[in-house]
Amino acid sequence: MSGLVESSADARSKTIGGNYRCRAIVRCSAIDGGIDLKMGVSSVSDNGVGQFSVNLDPPMPDIKYIAVANISFTQASYNDDHLIGIKERYLDSSSNIIRTTSLCQFWINMNTNGGGYTDNVDMIRMDVAIFR
């Protein structure tokens with residue numbers, strides 16, 4: 001790495017061998033549906049408990065992007081021995097690709113009974129970053 005740090009949204013990576021950069025970010029609330037911060041995102045859709053779609057605008061050049069999400073909770077019951085998982089829903093039940101150049105979907109699941117991630121839960125806030 002050269003040691004050069006750029007503060008622009010167009011900063012290039014020197015470590016993963018490509019021209020990958022953050023092309024979209026969003027911070028949204030499940031409480032009121034509001035978007036606090038966005039770049040490259042037109043909207044976030046609530047598709048049911050623990051299911052969200054991020055609509056990208058402008059679209060990515062292809063579906064080979066990296067989508068990273070982080071969630072926040074405030075309920076004390078979620079701070080116990082529960083495991084919370086964030087998954088991008090990439091394929092549907094027939095193995096068709098859901099991800100498009102302008103849409104990615106996330107499911108938020110919680111383990112409440114010592115088994116797998118089975119229970120969908122809503123979050124207080126979700127942050128998403130898209131790199132391409």
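How many aromatic pairs does a search of the whole structure find? The search finds zero aromatic pairs, and the sections below describe what this predicted model holds instead.

## Overall make-up

The secondary structure of the protein consists of nine strands and zero helices, so that, by the definition of these elements, the pattern read along the sequence is β-β-β-β-β-β-β-β-β. Of the 132 residues in the protein, 28% are buried, and the accessible surface comes to about 7700 Å², with 50% of that surface belonging to carbon and sulfur atoms.

## The largest nonpolar core

The largest nonpolar core has 19 residues, and the members that touch the most other members are V54, L56, I108, M123, M126, V128 and I130. Two or more residues of this core come from each of the elements β1 (22-29), β4 (51-56), β7 (103-111) and β9 (125-131), and among the contributors it is β7 that gives the most, with four residues.

Not counting residues up to four places away in sequence, V128 touches A24, I25, V26, V54, V68, A69 and F106. The C-alpha atoms of V128 and A67 are separated by 7.0 Å, although these two residues are 61 residues apart along the chain.

One of the residues that V128 touches is V68, which lies in strand β5 (residues 66-72). Is V68 buried or partly exposed? V68 counts as partly exposed, because its relative accessibility is 42%, a value that falls between the limits of 20% and 50%. Leaving aside neighbours within four places in sequence, V68 is in contact with D127, V128, A129 and F131. V68 and E88 are 20 residues apart in sequence, and the distance between their C-alpha atoms is 8.7 Å.

The structure holds zero disulfides. C22 is partly exposed, with a relative accessible area of 22%, whereas C104 counts as buried at 1% relative accessibility.

## Backbone features in two loops

Most residues other than glycine have a negative phi, and most peptide bonds are trans. Against that background, two places in the backbone can be pointed out. The peptide bond from D57 to P58 is cis, with omega near 10 degrees, and P58 has its place in the loop between β4 and β5.

Where is the place of S95? S95 is found in the loop between β6 (83-89) and β7, and its phi is near 65 degrees, which is a positive value in a residue other than glycine. S95 counts as exposed because its relative accessibility of 54% is over 50%.

Conventions: Residues are numbered from 1 along each chain as its sequence is written. This is a predicted model: local features need pLDDT of at least 70, side-chain atom pairs count only at pLDDT 80 or more; totals for chains, interfaces and linings use all residues. Side-chain values use heavy atoms; hydrogens and water are left out. A nonpolar core is a set of buried Ala, Val, Leu, Ile, Met, Phe, Trp, Tyr and Cys residues joined through side-chain atoms within 4.5 Å. Buried means under 20% relative accessible area, exposed over 50%, partly exposed in between (1.4 Å probe, protein chains only). Contact means heavy atoms within 4.5 Å. A disulfide is a pair of cysteine sulfur atoms within 2.5 Å. Rings of Phe, Tyr and Trp (its six-membered ring) pair if their centres lie within 6.5 Å; planes under 30 degrees apart count as stacked, over 60 as edge-to-face and the rest as tilted. Accessible areas come from the Shrake-Rupley method with a 1.4 Å probe; for residues, only the protein chains shown count as cover.
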